[in-house]
Amino acid sequence: MIVRRRWTAAATTAILISAALSHPGTATAAPAADTAPITLAATETALVRVQLRDQAQLDRLVASGVDLANRPRTRDGRIIADLVLTGAQLADLTARGATATQVVQRAGDGSRHFADSVRAARARTAAGLGAPAAGQRTTAAVGVDTLAVQQAYWWTTGGQTFLQAQVATTATDDPDVEITVSWRTADGVTGSFPLYRFEDSGEYQYHYNVPQSVPSRPVQLTATSSLGGVSRAVTPTLWPNATPPPLPAGYQKDFIDAYLTPVDIQARIKRLARQYRDLVDVIDLPNKTQGYRRNAVAYLGDPAVAAVVVESVRFGDQGLNGVQVRTVDPGRPNRPLAVGYRDRVLTVTLATDAAGKTVSTTDDVAAAVNARQANRFRATVEDGSTGLPMPVAGPARLDDGLQGTEVPAKPWTVQALRLGVHRDGSRIGVLAYSQEHAREWATPLVTLEFAERMLANARTDPATRELLEQVDVFVIPTVNPDGANYSFNDYNFQRKNLVNHCEGPARDPKYRTSWGVDVNRNYTVGSYFDGYVGASANCLSGNYAGTAELSEAESGNVIALAKAHPNIRFAMNVHSYGGYFMWPPGAYRADGRITLPRPSIDESTLFLDSARRIVGAIAQERGTVTWPSQTGPVADVLYSAAGNSADQLYYELGIFAWDFEVGNDRWNPATGEWEGVGFQPPFDEAHGESQEYAGGLVELVRVARDHAAAEAATG
């Protein structure tokens with residue numbers, strides 16, 4: 001019997017309703033028969049790695065708008081995906097044949113990890129402590145199909161050697177083709193492993209697998225197919241085969257000792273500007289965000305029976321929190337429906353018939369509030385309550401629902417650090433920016449660790465000083481402070497900003513954790529509004545593109561900074577989680593999978609060669625290696641991300657723009673599986689990510705310096 005081994009990106013409209021340029025997700029072993037199944041309490045929310053029953057189940061999830069945090073993978077015939085689920089949703093999936101294999105992160109874990117990191121920081125203070133990348137392409141037609149080895153790379157980390165391969169068959173329309181890779185080491189040990197078919201937007205791409213553990217350096221690799229095709233034998237190449245300069249004695253690093261909220265980041269920016277006056281400017285970006293604010297809202301009535309949602313027109317902190325709303329029975333016959341507001345109480349007097357019975361419906365009440373108090377309140381009928389008799393109810397108290405008492409309730413000024421000896425546009429510029437997605441807590445740790453390394457070592461290390469003499473560095477630690485404040489204080493899985501563009505029933509407060517715009521789908525090039533895939537017009541979707549291109553202050557700030565400083569030629573957008581290193585094109589149109597224009601040969605070479613250098617620098621810290629299969633154009637190695645920032649920087653402004661996905665999967669030698677780390681891992685892991693990827697950003701500065709020198713030399 002032929003087993004089908006593939007993952008197909010159903011209608012890639014959906015390719016990842018909520019994924020954040022987020023995690024690549026890899027398979028973990030299903031629980032053994034004698035292991036208790038993974039379950040959640042009905043109302044608990046968690047990021048769960050799930051083995052799905054079949055392709056149809058994945059397609060249904062994508063169509064329903066599930067919060068899918070990765071590009072699903074196929075391993076050993078299993079479809080694996082990382083999903084943000086409630087206990088009830090997980091129970092439903094399990095009942096339909098899915099199996100949970102790992103709870104990557106629970107909804108409460110972020111707060112606990114944040115608190116742990118703060119306690120650890122205080123203790124330290126008390127103690128006085130400070131694309132497929134171009135690879136071998138060889139073919140040999142032996143059977144019905146012809147095989148091309150597109151990638152064959154090996155590396156060693158933590159004493160363990162890994163091999164990854166990617167092979168394409170010419171039998172692209174046959175979903176049942178199986179491909180097996182056979183390998184041999186220098187001392188004659190041999191082995192093999194299967195590859196799995198990958199389709200995207202309905203089109204075959206290649207066969208691949210996650211990195212496989214091998215006993216030592218492989219010296220030969222051959223692929224064979226079930227149709228009889230055999231590739232030419234190739235020699236796997238060392239990855240990434242690039243090493244940064246050694247750090248000098250006394251090099252200063254490890255400036256991160258806790259998770260940082262936007263309030264913390266604001267304080268650190270202020271401190272750096274004061275401490276390094278000769279090397280730092282602070283730039284207030286032009287577009288103030290909404291701030292950590294929401295409209296005050298309440299249910300008038302019982303949502304389980306009949307209710308109207310009443311919401312303040314202004315934000316709750318603007319004097320509307322605590323306002324009461326009620327319905328009353330006038331106690332007399334033949335009374336009209338009336339609405340009045342006095343002494344911070346909104347009173348709806350219900351209409352009565354000749355017998356004195358109240359006759360107003362939920363629709364009547366909502367319409368009356370909207371007509372007679374439009375300057376103060378808006379009302380919608382709660383989903384499921386349309387046309388029902390309006391009960392006598394209340395008083396209910398309006399509230400914005402925000403829990404972060406220490407967060408300023410006002411529009412937020414996003415700030416950038418500018419680092420360098422010559423901050424006048426005369427030197428080539430590099431931009432590093434992070435936390436477009438609120439829940440990616442480790443990302444500003446990366447950019448701030450990078451900034452502090454550059455500044456501290458500029459005074460003690462000649463090589464770092466030389467970098468800041470030759471390169472103008474810009475850092476935006478948190479692009480999306482409002483969403484980040486909400487993630488830290490209210491709902492740690494928040495991805496988007498806090499602007500609520502929803503209308504009608506979608507404004508029901510039961511959807512409050514789904515409101516907002518995906519900042520990294522709100523840019524202008526390859527956008528949803530131009531017909532590209534990977535964003536949504538649904539305001540409740542995790543990758544909602546907004547009302548128009550650059551409709552949001554957050555995205556506008558990134559582009560405003562880049563346009564105001566045309567010397568910026570290189571940029572890195574830091575996301576999490578999963579271990580990717582990517583560049584444009586980042587989006588395609590679904591019909592025919594037509595991507596944005598591919599870079600030229602020379603620019604593609606620059607992207608890949610620079611990637612090798614930066615991946616090599618990341619690996620120096622703790623041996624973390626970004627997989628070659630996850631290094632390349634976004635649209636090829638992750639998914640189509642319509643309207644992402646890197647595409648606009650590259651295609652519109654001519655900036656070489658990359659994306660990090662920090663938080664690589666960790667190899668578990670006990671299970672022989674790769675395991676995900678989540679958006680807010682225990683702080684020790686987040687700290688490790690900050691150290692290794694900050695080293696990658698330092699290498700990006702060297703790349704920019706070398707590029708400028710090469711351009712000057714050719715003149």
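User: Which residues is Phe 450 in contact with, leaving aside its neighbours within four places in sequence?

Analyst: Taking contact as heavy atoms within 4.5 Å, Phe 450 touches Ala 432, Val 473, Val 475, Ala 694, Leu 697, Val 698 and Val 701. This is a predicted model, in which local features need pLDDT of at least 70 and side-chain atom pairs count only at pLDDT 80 or more, while totals for chains, interfaces and linings use all residues. Residues are numbered from 1 along each chain as its sequence is written, and side-chain values use heavy atoms, with hydrogens and water left out.

User: What makes a set of residues a nonpolar core, and which have the most contacts inside the largest one?

Analyst: The members must be buried Ala, Val, Leu, Ile, Met, Phe, Trp, Tyr or Cys residues joined through side-chain atoms within 4.5 Å, where buried means under 20% relative accessible area, exposed over 50% and partly exposed in between (1.4 Å probe, protein chains only). The largest such core holds 70 residues, and Leu 419, Phe 450, Phe 570, Trp 658 and Phe 660 have the most contacts inside it. Helix H14 (residues 683-714) gives the most to this core, namely ten residues; helices (H or I, at least four residues) and strands (E, at least two) are DSSP runs numbered from the N terminus. Another core, of 36 residues, lies apart from it and includes Ile 283, Leu 285, Val 414 and Tyr 523.

User: Why is the link of Cys 502 and Cys 539 called a disulfide?

Analyst: The definition asks for a pair of cysteine sulfur atoms within 2.5 Å, and the sulfur atoms of Cys 502 and Cys 539 are 2.0 Å apart, so the pair meets the definition. This link is right-handed, with 115° about the S-S bond. Both cysteines lie in the loop between helix H9 (481-489) and helix H10 (553-564), 37 residues apart, and both are buried.

User: How do you know that the length of helix H7 agrees with its number of residues?

Analyst: The expected span is 1.5 Å times one less than the number of residues, which for the 15 residues of H7 (residues 443-457) should be 21 Å; the end C-alpha atoms are 22 Å apart, and this agrees. Because 15 of its 15 residues are buried, H7 is largely enclosed by the rest of the structure.

User: What makes strand E25 and strand E27 a pair?

Analyst: Two strands pair if DSSP finds at least two bridges between them, and six bridges join E25 (residues 428-434) to E27 (residues 568-578), so these parallel strands qualify. Among the partners, Ala 432 is bridged to Met 572 in E27.
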